[in-house]
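Here are my notes on this model, point by point. Please read them with the structure open.

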Amino acid sequence: NKAMEKRHWTRIEDLTDYKFDIESESFQLRDIMRAPLLEYKEDIEDICVAAVKERDIEGKLKQVIAEWSTQEFSFGTFKTRGELLLKGNETAEIVSLMEDSLMILGSLLSNRYNAPFKANIQKWVANLTGTTEIIEQWLLVQNLWIYLEAVFVGGDIAKQLPQEAKRFANIDKSWAKIMAYAHENPNVVQCCVGDEMLAQLLPHLLEQLEICQKSLTGYLEKKRLLFPRFFFVSDPALLEILGQASDSHTIQNHLLSV
């Protein structure tokens, strides 16, 4: 049985009270036959079956680990500012692959023969679950950052909301820091759970971005109350009108809505 490892031989030794020198070059079948195997036939069969099952579990676990040792993030360019984005389709594919791996690990975790590998399986369940959560939050922050970057970096609205513009400037620096870190550590799992940086920084950024968004929503509401026809204009269109108030060509596109 090629699946037999040292731990299985040790179990048979304990069972039969017979020492097998399996690492010796002269170890042969007759050395096994000297042991009182027949007395413990069923128990030894169970050990042999366990060895085969354990090898199967080990093989699947190794495949999962190998998969995530090579998976890397793909980055997209944002305006003229460089690669400051996670690519949407590629990142969605990573999340899908991670869900597949978690299903495999879940089945291994429920397998009664998993004892020799249980700690490592649990470690990788934690790694991939943590990575999935980080990526989901990362994409939330990215979407909100893209939306608010157009408002608070230049344009007229930033001048009218100076406190939020200052807040966004700090968020923007942190976002650039996160993306620089991701470029230095492109491996998906290592980047997300290799240390605590993303787990600590992303929730803070999301909170700060939501404060900016709330202030912006309040600002738009005041403008609509002053000029009720703005109620017929979507938020993105209204932001473009207010943000480019000095650009008559931009506003012209929205006049029919107003």
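1. In what order do the elements of the protein chain run from the N terminus on? The order is α-α-α-β-β-α-α-α-α-α-α-α-α. That comes to 11 helices and two strands. Helices (H or I, at least four residues) and strands (E, at least two) are DSSP runs, numbered from the N terminus.

2. A word on provenance. This is a predicted model: local features need pLDDT of at least 70, side-chain atom pairs count only at pLDDT 80 or more, and totals for chains, interfaces and linings use all residues. Residues are numbered from 1 along each chain as its sequence is written, and side-chain values use heavy atoms, leaving out hydrogens and water.

3. Burial. The protein chain has 258 residues, of which 39% count as buried. Buried means under 20% relative accessible area, exposed over 50%, and partly exposed in between (1.4 Å probe, protein chains only). The areas come from the Shrake-Rupley method.

4. The core. The largest nonpolar core holds 56 residues. Such a core is a set of buried Ala, Val, Leu, Ile, Met, Phe, Trp, Tyr and Cys residues joined through side-chain atoms within 4.5 Å. Trp 68, Phe 73, Trp 138, Trp 145 and Ile 178 have the most contacts inside it. Elements that each supply at least two residues include helix H3 (41–70), E2, H4 and helix H9 (197–226). H5 gives the most, with 12 residues.

5. Gln 142 also sits in helix H5. Is Gln 142 buried or exposed? Gln 142 counts as buried because its relative accessible area is 6%. Leu 205 is 63 residues away in sequence, yet the C-alpha to C-alpha distance between Gln 142 and Leu 205 is 9.8 Å.

6. Surface charge. Glu 99, Asp 100, Glu 133 and Glu 136 form a negative patch on the surface. Patch residues have over 30% relative accessible area and no salt bridge, with like charges joined within 9 Å. A salt bridge is a side-chain nitrogen of Lys or Arg within 4 Å of a carboxyl oxygen of Asp or Glu. Charges are placed at CG of Asp or CD of Glu. Helix H4 (88–109) and helix H5 (118–152) each supply at least two of the patch residues. Glu 136, in helix H5, is partly exposed at 45% relative accessible area.

7. One backbone point to check. Lys 79 is not a glycine, yet its phi is positive, at about 50 degrees. Lys 79 lies in the loop between strand E1 (75–76) and strand E2 (85–86). With a relative accessible area of 53%, Lys 79 is exposed.

Conventions: Patch = residues over 30% accessible without salt bridge, like charges linked within 9 Å, V, L, I, M, F, W, Y side chains within 5 Å. Areas by Shrake-Rupley, 256 points an atom, 1.4 Å probe, with all protein chains shown as cover. Lys, Arg positive; Asp, Glu negative; His and termini not counted.
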